[in-house]
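Thanks for making time this morning.

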Amino acid sequence: MSASAHFAFEQDIVEIEGQISRLRETAAKRGLDVADEVRVLTAKLDVLRDETFRNLTPMEQVQVARHPRRPYTLDYIDGIFTDWFELRGDRRYRNDEAVVGGWARLDGRSVMVIGHQKGRDMKENLRRNFGMPHPEGYRKALRLMKMAEKFGRPVVTLIDTPGAYPGFGAEERGQAEAIATNLREMARLRTPTVCVVIGEGGSGGALALGVTDRILLLEHSIYSVISPEGCAAILWRSADEREKAATALRLTSSDLFDLGVADEVIAEPPGGAHADPPSALAAAGEAITRHLNELEDTETDLLLARRWAKYESLGTWVEDT
């Protein structure tokens with residue numbers, strides 16, 4: 001999908017944006033005053049955009065979460081944090097560029113930032129493996145988390161992946177073990193942790209960075225055990241049933257908040273994060289800072305106890321007697 005691409009549900013929005021653009025171009029060429037006309041169209045556009053994005057179906061939410069112009073991890077790092085210093089490699093095999101991580105400062109606080117990174121074009125997507133980490137990406141992430149723990153610094157993770165890479169090489173090098181190890185070690189990491197789902201949160205590939213004290217979701221992000229297409233292919237033998245699967249999976253931010261998975265839903269600007277990246281970055285930065293402020297003075301054993309209780313409360317056992 002090109003950077004100028006738009007979805008079917010955005011068609012009316014795109015048409016009004018085109019009208020405004022053409023009106024301004026004509027006015028510039030002919031020296032006309034079109035301020036009133038532009039004001040009317042802009043007001044109409046704002047209402048339409050707000051109504052459209054407040055009434056998205058679950059599958060449309062998935063499309064927005066995957067939008068190619070949404071800010072990615074490095075955009076958040078550049079826009080929210082300062083003094084970024086990237087750390088590379090897992091010290092075992094290689095550096096996986098589908099995961100980026102390193103030291104940074106947030107509101108004067110030193111933090112370890114780790115996140116999935118997608119590409120903007122084919123060349124960068126091949127370099128980043130479309131945001132799908134190999135096991136060495138997760139091992140790098142864990143190495144950096146342990147470093148943050150050693151120095152008593154908080155960890156912030158940014159989640160945006162379709163899932164872990166399912167290729168032969170990744171499986172041979174222990175993909176499942178790397179993810180499972182991250183789940184265990186994040187559950188007992190002795191430092192405050194916050195994750196933000198900024199786009200797609202797909203399967204164990206996302207969860208390997210998501211076992212944190214606080215789980216925040218951007219309004220139009222998704223978090224699910226499987227993609228709607230994969231779920232549809234398994235349950236209905238056809239990816240054409242992805243709309244039904246998306247609804248059944250309850251993968252939207254509002255669903256996850258209602259289910260108690262998400263601690264907060266971060267409101268996105270009208271039209272989604274891709275329509276106004278600076279506002280989206282500012283909202284995410286404010287939320288991360290606020291949650292870290294709440295966590296940083298918590299005694300470590302209490303922090304761990306609350307983290308365990310948080311995840312134990314997400315499911316219940318039912319015994320068939």
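A residue is called buried here when its relative accessible area is under 20%, exposed when that value is over 50%, and partly exposed in between, with a 1.4 Å probe and protein chains only. Please keep in mind that this is a predicted model, in which local features need pLDDT of at least 70 and side-chain atom pairs count only at pLDDT 80 or more, while totals for chains, interfaces and linings use all residues. Residues are numbered from 1 along each chain as its sequence is written, and side-chain values use heavy atoms, with hydrogens and water left out.

Six of the eight residues of α3 are buried, namely Met59, Glu60, Gln61, Val62, Val64 and Ala65. Their cover includes α2, β5, β7, α10 and α11, contact being heavy atoms within 4.5 Å.

Now to the helix pairs, for which axes are lines fitted to C-alpha atoms over the stretch in contact, and angles run from 0 to 180 degrees between N-to-C directions. Helix α1 (residues 11-30) and helix α2 (residues 35-54) have axes that come within 9 Å and cross at roughly 165 degrees, and they are therefore roughly antiparallel to each other. For helices α6 (residues 135-150) and α8 (residues 175-187), the axes come within 8 Å and cross at roughly 20 degrees, so this pair is roughly parallel. The cut-offs are under 35 degrees for roughly parallel, over 145 for roughly antiparallel, 65 to 115 for roughly perpendicular, and oblique for the rest.

Which residues have the most contacts inside the largest nonpolar core? They are Tyr76, Phe81 and Val196, in a core of 26 residues, where a nonpolar core means buried Ala, Val, Leu, Ile, Met, Phe, Trp, Tyr and Cys residues joined through side-chain atoms within 4.5 Å. Helix α13 gives the largest share of this core, seven residues. Leaving aside residues up to four places away in sequence, Phe81 touches Tyr76, Ala104, Arg105, Leu106, Val111, Val113 and Val156. There is also a second, separate core of 25 residues, which includes Trp103, Ile159, Cys195 and Tyr223. As general background, nonpolar side chains tend to be buried together in soluble globular proteins.

Key
Helix = DSSP H or I, 4+ residues; strand = E, 2+ residues; numbered from the N terminus.
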